[in-house]
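Thanks for coming. I have one structure for you today, and I will go through it site by site.

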Amino acid sequence: MDGVTDICIENGKIAAIGNEKCKTQNRKPKIIDASGKLVVPGLIDMHTHLREPGHEYKETIRTGCLAAAHGGFSSICCMPNTEPVNDNQSVTDYILRQANMACGVRVYPVGAISRGLCGQGLAEYGEMKAAGVIALSDDGHPVMDAQLMRRALEYANGFGLLVISHCEDQNLTAHGVMNEGVTATRLGLAGIPNASESVMVARDIALSELTGAPLHIAHVSTEGSVRLIRDAKARGLPITAETAPHYFSLTEEAVINYDTNAKVHPPLRTAKDRDAVRGGLADGTIDVIASDHAPHSTVEKDVEFDAAANGLIGLETSLPLSLKLVAIGLLNLGDLVAKMSVNPARILKLSHIGLKLGNPADVTVIDLEKEFKVDANTFCSKSRNTPFNGWQLKGRAILTMVGGKVVYREN
Ligand code: DOR
Ligand code: ZN
């Protein structure tokens, strides 16, 4: 639905949409004036790393939720590479309990595909599903054993759980720390070829075809992966995919000064890959923009490039960076909302999300005109590892609401 209208919220739910209908609904409404602003369904980040339990010095569930609210996200999915790993009911329970005590942002835990993320045996899918996991992933690690991945897809499908694949062939990655090519050679750093990703994208598409199970491909970074996913979709396979803002905003050039904030897995690639990722977003091959928010402290980042941890924070820059794609005419605003809310909701089967009558009022208000300079020191996240610090951006969330409760409002 596109238009200028009122939305009436009562008891945390969307009670009416439309100026006339809202007038009759509530006699003494509390008014949030969003004139001139964009009111969209609450944004969903389907790929976030909260570091709790285990690495609370990088991020806690509470600070991660605050960062999400600040960035316009009403819901986030958290990856299982915590310590202990979320491969069982007690860790899932713990995450949900902590999330309940946080600021109100909805947290959907993702369970591990393999026990301990070790790639050796399947985790307890039934137990985790009952505890509340929304999907399964070994994110941070690939599932190298194709037979285990086949079984994972079969069992997960039986439980109605989506498998989210971190596509990487570790033998091809070897000791690589950035994109393979001339830049890596000049910098004296070991490279990771594009094939490290696309070999696994091809394998996992084949396994989805074999098992009939849906598969979601995380953080697409290469031209080859986009081509494989486009072809798989054209053949009607149940494949969906996401990319992250850094893959359509940056290239490998970002690491030229050995900036460890730009060290990420998969690595930032060439301009050709960046443009292919943009093309994949534009033609619908890539369904979702997810942050892959990966907080790390100075202990892991203020070290030699080779030794630095992979990952960058994204919850508080994802929306403004994605709005750049609208500014350059690659996406329209409807596409953007689809990729940051409607599509993740559809892929994760979150039918209660969306601006529809009776749904919980999860709403994000965006000021498209707001110009600002990224200052990591103002972030709610505990970590500061962003390569976007100092960037001049336009447009950001000024209010985030979850179930009718305002969880962030710009003052
Ligand atoms: O850069 C990354 N960081 N890629 C991953 O897959 C994992 C993540 C993390 O957990 O830090
Ligand atoms: Zn990953």
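I'll start with a proline. Pro266 lies in the loop between α10 (245-249) and α11 (271-282); helices here are DSSP runs of H or I of at least four residues, strands are E runs of at least two, and both are numbered from the N terminus. The peptide bond joining His265 and Pro266 is cis, with omega about -10°.

Before going on, the ground rules. This is a predicted model, where local features need pLDDT of at least 70 and side-chain atom pairs count only at pLDDT 80 or more, while totals for chains, interfaces and linings use all residues. Residues are numbered from 1 along each chain as its sequence is written, chains are lettered from A and ligands numbered from 1 in the order in which they are written, and side-chain values use heavy atoms, with hydrogens and water left out.

Another cis peptide bond joins Glu83 and Pro84, with omega about 5°. Pro84 is in the loop between β5 (73-78) and α3 (89-100).

His265 comes up again at ligand 1. There are 13 residues around ligand 1, and those that come nearest are Arg51, Asn81, His265, His296 and Asn310. A residue is counted as near if one of its heavy atoms lies within 4 Å of the molecule. Now the polar contacts, meaning pairs of N or O atoms within 3.5 Å; within protein, one atom must be able to donate a hydrogen and the other to accept it, and residues adjacent in sequence count only if both atoms are side-chain atoms. The side chain of Arg51 places an N or O atom 2.8 Å from an oxygen atom of ligand 1. From the backbone, an N or O atom of Asn310 is 3.1 Å from a ligand 1 oxygen, and a polar backbone atom of Gly311 is 3.2 Å from an oxygen of ligand 1.

Next, the metal. Which residues coordinate the zinc ion (ligand 2)? They are Asp139 through OD, His166 through ND1 and His219 through NE2, at 1.8 to 2.3 Å. Donors are N, O and S atoms within 2.8 Å of the metal, or 3.2 Å for Na, K and Ca; water is not among the atoms, so sites may look incomplete. Along the chain the spacing of the donors is D-x26-H-x52-H. Asp139 sits in the loop between β7 (135-137) and α5 (146-158), and His219 in the loop between β11 (215-217) and α9 (223-234), so this pair ties together parts that are 80 residues apart in sequence.

For reference, the ideal angle for four tetrahedral donors is 109.5 degrees.

Buried means under 20%, exposed over 50%, and partly exposed in between, using a 1.4 Å probe and protein chains only.

Now the loop between β13 (288-289) and α12 (298-301), which holds Asp292. Asp292 is not a glycine, yet has a positive phi of about 50°, and is buried at 6% relative accessible area. Ser291 lies in that loop as well and is buried at 1%. The side chain of Ser291 makes a polar contact of 2.4 Å with the side chain of Asp45. A polar atom of the Ser291 side chain also lies 2.9 Å from the backbone nitrogen of His293.

Asn11 is another non-glycine residue with positive phi, near 50°. Asn11 is in the loop between β1 (7-10) and β2 (13-17) and is exposed, at 80% relative accessibility.

Last, the rings. How many aromatic pairs does a search of the whole structure find? One. Phe388 and Trp391 form that pair, edge-to-face, at 4.8 Å centre to centre and 90° between the planes. Rings of Phe, Tyr and Trp (its six-membered ring) pair if their centres lie within 6.5 Å; planes under 30 degrees apart count as stacked, over 60 as edge-to-face and the rest as tilted. Phe388 is buried at 1%, whereas Trp391 is partly exposed at 26%.

That's it from me.
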